Amino acid sequence: MNIVYELKHETNEEIEQVQTHFLLEIKNMSLTIERFNKGFARECLYAIRDFHLQIQHGEVVAVVGASGSGKSLLADAILGIQPKNSVIEGSVNYENQPLTEKRKKRLRGNDIMLIPQMTNALDPLMKIGKQVKALVKQKNKQKTVEEIFRKVGLDPEIYHQIPSACSGGMIRRIFIAMALASEAKLIIADEPTNGLDAEALDELLFQLKMLARDHRGVVMITHDLEAAMKIADKIAVFYAGETVEIVDRKHLKKGGKFRHPYSRALWNALPQNGFIPIEGSQPSPAEELAGCSFADRCPIATRKCRAEKPELQKIGKYEMVRCFYA
Ligand SMILES: Nc1ncnc2c1ncn2[C@@H]1O[C@H](COP(=O)(O)OP(=O)(O)OP(=O)(O)O)[C@@H](O)[C@H]1O
Ligand code: NI
């Protein structure tokens, strides 16, 4: 209240910025892995080059990118479980405070929870019910877990089983149940829709939305643009370790288009839009890039794009695009 009052002379947009409370806000984040090749020469892998993301309570934000674009490393970096030989730079704030490695360690598994890409992340020897129950803070733990199992469509029998008795689809539901049971405010789901049939996929998307309705923030990391467009409030398109666009779903719902040539290419590659492929491949993380990461495959690239890296430009309250010509 006071802050807004003091900034009375600022523009409306600036006042809104002050009022916006982000659960997680990432700016210019990079993650570089250092390794030594066979000739013992030092080599850098630029796995994340320039990543931006903003998420508020109650929102689903999708990070959409192709295989190898750095999505899982991004999830690991937010949780503080990145490879030891990596260096993270940039600004990461959680609840408006810097998310230091020390703080990540404290919040991991409590405030911030990962739904991992691998389905073998549960304790293989502990009964599932017990693993979920361990996260419940309120009284009547058993009853709470049973209720959550019902919500996510898990057979109550699962309670007494160990993870190896469950299918991949069931394990994903167990992770959603764990997120619901916990008091986590931020859920990071890494490729949660992988390998699901159409029905299971819709169910899972609904469950992720349910987590957001519970006032939590859900970062859904995926290669599936279509799934992202179904539930995400905002979509951050990720290419070769960079956020190339952040689009608000409202813009797409109103018939607006993606603005970045890579996002447009992803959209054109969807079955309903004609399955149009694009030539070439994503630059390797080992490559140092002088210009735009997409320049080699971009239909509108110019000499400038190859020589100069475009910055992420703000084009609306939350929307951004990294292209000289978008
Ligand atoms: N520990 C590591 N050491 C060295 N390189 C790594 C390490 N982990 C990942 N990489 C490399 O970093 C790049 C990004 O990997 P990452 O797993 O984050 O991609 P992704 O977008 O999650 O891919 P996918 O969709 O296949 O899961 C890849 O080229 C990968 O080989
Ligand atoms: Ni991954």
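In the predicted model, strand 9 and strand 10 (residues 242-248) run antiparallel and are joined by six bridges. Within this pairing, Val 237 lies opposite Glu 245 of strand 10. The two strands form a hairpin in which two residues separate strand 9 from strand 10. Ala 240, located in the turn, adopts a positive phi of about 45 degrees.

Strand 9 also pairs with strand 3 (residues 60-64), in this case in parallel orientation and through four bridges. Here Ile 235 of strand 9 is the bridge partner of Ala 62.

Strand 9 (residues 234-239) is mostly covered, with six of its six residues buried. In a regular strand, side chains alternate between the two faces of the sheet. In strand 9, Lys 234, Ala 236 and Phe 238 point one way, while Ile 235, Val 237 and Tyr 239 point the other way. Residues of both sets are buried, the charged Lys 234 among them.

At the level of the whole chain, the protein is divided into domain 1, comprising residues 2-111 and 184-321, and domain 2, comprising residues 122-182. The centres of domain 1 and domain 2, taken over C-alpha atoms, are separated by 29 Å. Contacts between the domains involve ten residues of domain 1 and nine residues of domain 2. On the domain 1 side, helix 8 (residues 198-213) supplies the largest share, with five residues. By class, the side of domain 1 that touches domain 2 consists of seven nonpolar, two polar and one charged residues.

Methods. Residues are numbered from 1 along each chain as its sequence is written. Chains are lettered from A and ligands numbered from 1 in the order in which they are written. This is a predicted model: local features need pLDDT of at least 70, side-chain atom pairs count only at pLDDT 80 or more; totals for chains, interfaces and linings use all residues. Domain bounds come from an automatic or database domain assignment. Two residues are in contact if their C-beta atoms, placed from the backbone, lie within 7 Å. A residue is buried if 20 or more other C-beta atoms lie within 10 Å of its own, exposed if 12 or fewer, and partly exposed in between; C-beta atoms are placed from the backbone. Two strands pair if DSSP finds at least two bridges between them.
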